[in-house]
Amino acid sequence: MQFPADVRASYRIHNGMSGSQGFIDNWPEFYSLSSILEQWDCWRDLLEAGEFLEFESEPKGPIKTDWWNIKWIPLLGNRGGDHCCLDLDPLPDGQLGQIITMWHDIGAEEIIAPSFKKLLAILADDLNAGVYIFSEEFGELVTVTEFEERNVEQRKQEHMGQLGQFLKRAQFIKQYGKNSS
């Protein structure tokens with residue numbers, strides 16, 4: 001299967017992402033080995049209980065139409081039940097180890113990288129390009145855009161708190177006089 005020369009650009013275009021946003025905006029959680037196993041166990045239990053017997057996904061590209069497949073290994077998540085999975089059971093014209101999106105409410109959707117190596121290269125390119133910054137406050141990588149938005153919101157809240165204190169003081173002075181404080 002042929003993949004676009006710049007998988008990252010096609011992913012961003014497809015998902016309506018601007019150049020200032022990073023890949024991990026949609027997938028903020030890289031799973032630890034124990035989390036991979038925990039996520040995989042959860043989906044396996046649902047599969048074995050027959051939860052997906054009546055469902056099929058409608059993926060784009062050479063991905064099986066399963067809602068979830070036991071040979072899909074969750075690697076990343078969005079903290080909402082959706083995952084990027086290592087596909088160890090692609091269709092014949094797919095690539096073993098392709099990275100696919102799997103959504104809890106629609107099943108498999110699309111290939112976002114031809115391999116785990118390419119997925120890491122996308123992240124490394126974003127890191128090298130300065131797309132991300134480590135937020136001490138949140139203890140995680142965030143895009144520079146998100147970091148700035150969080151800081152603006154925090155400053156607004158601080159200013160509102162200061163304004164509230166000023167207004168309370170002004171009300172007190174108005175009510176009780178300047179010398180009563």
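Colleague: How many bridges join E2 to strand E3?
Modeller: Five, and the two strands run antiparallel. Strands count as paired here if DSSP finds at least two bridges between them. Helices (H or I, at least four residues) and strands (E, at least two) are DSSP runs, numbered from the N terminus.

Colleague: Before we go on, what kind of model is this?
Modeller: This is a predicted model, where local features need pLDDT of at least 70 and side-chain atom pairs count only at pLDDT 80 or more, while totals for chains, interfaces and linings use all residues. Residues are numbered from 1 along each chain as its sequence is written, and side-chain values use heavy atoms, with hydrogens and water left out.

Colleague: Thanks. Back to E3, residues 83-87: which residue there stands opposite Trp 72?
Modeller: Asp 87 in E3 is the one opposite Trp 72.

Colleague: And what sits between the strands in the hairpin of E2 and E3?
Modeller: There are five residues between them, and in this hairpin Arg 79 takes a positive phi near 65 degrees.

Colleague: Is strand E2 mostly covered or mostly open?
Modeller: Mostly covered: E2 spans residues 72-77, and five of its six residues are buried. Buried means under 20% relative accessible area, exposed means over 50%, and partly exposed is in between (1.4 Å probe, protein chains only).

Colleague: Which way do E1 and E2 run?
Modeller: Antiparallel, with two bridges joining E2 to E1, which is residues 29-30. Glu 29 stands opposite Gly 77 in E2.

Colleague: What about E3 and E4?
Modeller: Five bridges join them, and they run antiparallel. Cys 84 has Thr 101 in E4 as its bridge partner.

Colleague: In what order do the five strands of the sheet come?
Modeller: The order is E1-E2-E3-E4-E5, in an open sheet with antiparallel pairing. E1 and E5 (107-113) are the edge strands, each pairing on one side only. As background, strands of a sheet pair through backbone hydrogen bonds, either parallel or antiparallel.

Colleague: Now the aromatics. How many aromatic pairs does the structure hold?
Modeller: Four. One of them is Trp 40 with Trp 68, an edge-to-face pair at 6.4 Å centre to centre with 65 degrees between the planes. This pair links distant parts of the chain, since Trp 40 is in helix H2 (residues 33-48) and Trp 68 is in the loop between H2 and E2, 28 residues apart. Rings of Phe, Tyr and Trp (its six-membered ring) pair if their centres lie within 6.5 Å; planes under 30 degrees apart count as stacked, over 60 as edge-to-face and the rest as tilted.

Colleague: Why does Trp 40 count as buried?
Modeller: Because its relative accessibility is 18%. Trp 68 is buried too, with a relative accessible area of 2%.

Colleague: And why is the pair of Trp 43 and Trp 68 stacked?
Modeller: Because the planes of the two rings are at 25 degrees, with the centres 6.3 Å apart. Together, Trp 40, Trp 43, Phe 52 and Trp 68 form one aromatic cluster.

Colleague: Is Cys 85 buried or exposed?
Modeller: Cys 85 is buried, with a relative accessible area of 0%. Cys 42, on the other hand, is partly exposed at 41%.

Colleague: Last one: where is Asp 93?
Modeller: Asp 93 is in the loop between E3 and E4 (98-103), and it counts as exposed because its relative accessibility is 52%. Asp 93 and Pro 62 are 31 residues apart in sequence, yet their C-alpha atoms are 6.0 Å apart in space.
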